[in-house]
Amino acid sequence: MKKNKPHILLTNDDGIRSPGLWAAASELSKIGYVTVAAPREQSTGMGRSLPSTSDGVIRKEQVQVNGQEWSVYAIGGTPAQAVLHGVLEIVPHKPDLIVSGINYGENVGLGITISGTVGAAMEAASLGFPALAISLQTEPEFHLSHSDEIDFAVAGHFTAYFAKMILEKKFPEDVHLLKVEVPSHATPETEWRVGRLSRNRYYDPVPSKRDSWEQPGPISYRHSAGIDEDPEDTDAHILRTKKMVAVTPINLDMTAPVVLADFEKSLRN
């Protein structure tokens with residue numbers, strides 16, 4: 001490994017065999033040395049969870065990426081656990097950047113804490129590492145797939161673009177990670193805009209159709225009815241209406257932005 005190249009730890013939530021992961025790996029390898037540690041299984045919707053039921057088994061595997069042989073690490077755990085195993089056991093020194101993605105499906109609005117993609121980046125940020133979570137807008141039927149109908153080339157371009165930016169720039173202390181959403185039909189020339197999280201649900205839960213509670217009945221989801229009416233400065237509007245790359249700086253402090261003394265006084269009164 002060349003000492004002048006940054007070391008990037010890469011993970012995702014769609015699993016070690018996801019084409020989105022390998023599109024990111026291919027592009028990131030142009031700017032740094034990449035170590036891939038990703039969940040062994042599909043792990044969408046795991047958020048930042050660290051379940052005690054994960055086995056933590058680490059398997060070194062060989063994968064072909066653009067004609068090159070890569071040694072990668074399949075983790076028996078969630079995306080956040082993949083980050084932990086990567087930092088604590090796999091990477092011999094602190095990585096310069098931790099990237100999560102590229103995800104099948106956008107992660108915007110109030111749903112980001114559900115996202116395993118964002119959850120992995122949050123775990124990285126909580127450990128003090130610069131972190132990037134990146135997703136590609138796709139229709140829900142592709143979210144749990146490894147479909148080759150989805151072209152990750154442009155999202156790969158933006159992965160490297162923003163990774164390089166994070167490595168080169170000093171962000172404000174209150175920016176703990178960067179979340180990037182790439183429109184489905186973006187090109188490398190597509191403009192990007194910074195926006196805040198939408199305060200609305202992007203997906204609504206849908207109950208299962210079944211005759212009895214004894215039958216399996218996983219809850220599914222669909223796009224919320226009002227998502228195209230979001231304010232102009234939100235990630236949802238930038239992505240869906242403006243059809244630009246939506247960039248959101250995320251802070252891990254979830255304390256409500258109120259004057260705490262005044263709020264305490266109102267509670268005591």
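Tutor: Let us begin with strand pairing, where two strands count as paired if DSSP finds at least two bridges between them. Here strand 7 (residues 177–182) and strand 11 run antiparallel and are joined by five bridges. One of the pairs is Leu178 with Pro249 of strand 11.

Student: What kind of model is this, and how are its residues numbered?

Tutor: It is a predicted model, in which local features need pLDDT of at least 70 and side-chain atom pairs count only at pLDDT 80 or more, while totals for chains, interfaces and linings use all residues. Residues are numbered from 1 along each chain as its sequence is written, and side-chain values use heavy atoms, leaving out hydrogens and water.

Student: Which strand runs parallel to strand 11?

Tutor: Strand 8 (residues 192–194) runs parallel to strand 11, with three bridges between them. Val194 has Val247 of strand 11 as its bridge partner.

Student: How many residues of strand 11 are buried?

Tutor: Buried means under 20% relative accessible area, exposed over 50%, and partly exposed in between (1.4 Å probe, protein chains only). In strand 11 (residues 245–250), five of the six residues are buried, so the strand is mostly covered. Over the whole chain, buried residues make up 49% of the 269.

Student: How are helices and strands defined, and how many does the chain have?

Tutor: Both are DSSP runs numbered from the N terminus: helices are H or I with at least four residues, and strands are E with at least two. The chain has six helices and 11 strands.

Student: Why is helix 2 described as largely enclosed?

Tutor: Nine of the 12 residues of helix 2 (residues 79–90) are buried, so the rest of the structure largely encloses this helix. Among the buried residues are Pro79, His85 and Ile90. Contact means heavy atoms within 4.5 Å. The buried residues of helix 2 pack against several elements, including strand 1 (7–11), strand 5 (97–104) and helix 3.

Student: Is Thr117 buried or exposed?

Tutor: Thr117, found in helix 3 (residues 116–126), is buried, with a relative accessible area of 0%. Leaving aside neighbours within four places in sequence, Thr117 has contacts that include Asp13, Ser100, Asn107 and Ile134.

Student: What does the radius of gyration say about the chain?

Tutor: The value is taken over C-alpha atoms, and the globule rule is 2.2 Å times the number of residues to the power 0.38. For 269 residues a compact globule would have a radius near 18 Å, and the chain's 19 Å agrees.
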